[in-house]
Amino acid sequence: MSKSHLGHQAKKRFGQNFLHDDAVISRIVDAIDPGENENLIEIGPGLGALTEPVIERAGDISVVELDRDLAHRLRHHPFIAKHLTIYETDALKFDFSTLANDKPLRVFGNLPYNISTPLIFHLLSFGDKIKDMHFMLQKEVVNRMAASPDSKAYGRLSIMCQYYCKVMPVMEIGPEAFQPPPKVDSAIVRLVPREQIEHPAHDIKWLNRVCTEAFNQRRKTIRNSLKKLLSAEQLEQLGISPSLRPENISLQEYVKVANYLAENPPKK
């Protein structure tokens with residue numbers, strides 16, 4: 001497998017850091033466990049560090065790559081070009097449902113740090129078409145995705161990810177595995193969309209809004225951070241103490257608030 005990143009300068013605006021440690025790459029591919037004839041999609045294949053070993057195990061895959069130079073390199077790659085369907089586009093705007101067929105999508109990638117959170121939110125909207133996702137992210141982002149209530153890392157990202165998926169941190173990776181080395185530690189996370197949402201929201205926009213309002217002012221009590229949406233009395237009616245802080249409230253309770261507001265929207 002080629003490890004060379006010669007001739008391609010990592011681009012800051014794309015948040016590029018290229019994996020080059022063979023032992024780490026091998027462990028990541030083992031975690032993804034790609035099989036033949038699966039519907040595999042890689043986001044941001046870069047120089048193909050994961051792409052090559054995944055193709056060795058799985059055969060043909062699809063890739064979404066925004067960087068024109070990298071897409072060109074992949075198209076002319078001597079070993080893997082014939083196994084690739086390349087979508088040269090922005091993954092944040094891409095309709096992943098167009099890749100769904102009778103086989104669910106298995107999505108993976110070393111996500112650029114600067115777009116990882118919005119991209120995960122975008123992918124979650126296609127959850128019913130996805131079997132699983134494996135992403136390399138900043139370790140801090142993975143910690144936030146997997147966090148439980150009553151912890152500093154717990155927030156909107158934890159709630160929205162756990163609403164749609166089982167979140168499983170897989171492994172941590174130091175900066176030395178990349179070129180150029182990032183200033184942060186990385187981690188691999190496995191996301192498995194739930195076949196049935198455990199605590200369904202009547203309107204996901206309300207859940208998103210409640211979490212955004214609550215965690216925008218996470219040091220305040222929930223009575224203060226949600227006061228534009230509902231009163232302390234209404235919170236008490238829902239069995240939620242108004243003196244709690246946003247990180248003390250469970251996913252189930254946030255859904256309860258969102259469902260109440262969907263039925264009783266605040267008067268403007």
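Reader: In which helix does Ala262 lie, and is the residue buried, exposed or partly exposed?

Author: In this predicted model, Ala262 belongs to helix α10. The general idea is to compare the relative accessible area with two cut-offs: under 20% is buried, over 50% is exposed, and the range between is partly exposed. Ala262 has a relative accessible area of 30%, and therefore counts as partly exposed.

Reader: Which residues is Ala262 in contact with, once neighbours within four places in sequence are left aside?

Author: The contacts of Ala262 are then His202, Asp203 and Trp206.

Reader: Why might residues three or four places apart in a helix point the same way?

Author: An α-helix has 3.6 residues a turn, so residues with that spacing point the same way.

Reader: How many residues of α6 are buried, and which elements do they pack against?

Author: Helix α6 spans residues 156–164 and is mostly covered, with seven of nine residues buried. These are Leu157, Ser158, Ile159, Met160, Cys161, Gln162 and Tyr163. Besides α10 (251–263), the buried residues pack against α4 (116–124), α5 (139–146), β7 (165–173) and α7 (204–216).

Reader: What is the corresponding reading for a strand residue such as Ser62?

Author: Ser62 is found in strand β3, residues 61–64. Its relative accessibility is 12%, so Ser62 counts as buried. With neighbours within four places in sequence left aside, Ser62 is in contact with Leu40, Ile41, Glu42, Thr85, Tyr87 and Leu99.

Reader: Which backbone features deserve a note in the loops?

Author: Two kinds may be listed: a positive phi in a residue other than glycine, and a cis peptide bond. Asp33, in the loop between α1 (22–32) and β2 (39–43), has phi near 55°. Asp150, in the loop between α5 and α6, has phi near 70°. Asp150 has a relative accessible area of 59% and is therefore exposed. The peptide bond from Gln179 to Pro180 is cis, with omega near -15°. Pro180 lies in the loop between β8 (178–179) and β9 (186–193).

Reader: What radius of gyration does the chain have, and how is the value judged?

Author: The value is compared with that of a compact globule. For 268 residues, such a globule would have a radius of gyration near 18 Å; the chain has 20 Å, which agrees. The C-alpha atoms fill a box of roughly 65 × 40 × 30 Å along the principal axes. The chain has ten helices and nine strands, and 50% of its residues count as buried. Among contacts between residues at least 6 apart in sequence, 67% join residues at least 24 apart. The chain exposes about 13600 Å², of which carbon and sulfur atoms supply 48%.

Technical notes:
Residues are numbered from 1 along each chain as its sequence is written. This is a predicted model: local features need pLDDT of at least 70, side-chain atom pairs count only at pLDDT 80 or more; totals for chains, interfaces and linings use all residues. Side-chain values use heavy atoms; hydrogens and water are left out. Buried means under 20% relative accessible area, exposed over 50%, partly exposed in between (1.4 Å probe, protein chains only). Helices (H or I, at least four residues) and strands (E, at least two) are DSSP runs, numbered from the N terminus. Contact means heavy atoms within 4.5 Å. The radius of gyration is taken over C-alpha atoms; the globule rule is 2.2 Å times the number of residues to the power 0.38. Accessible areas come from the Shrake-Rupley method with a 1.4 Å probe; for residues, only the protein chains shown count as cover.
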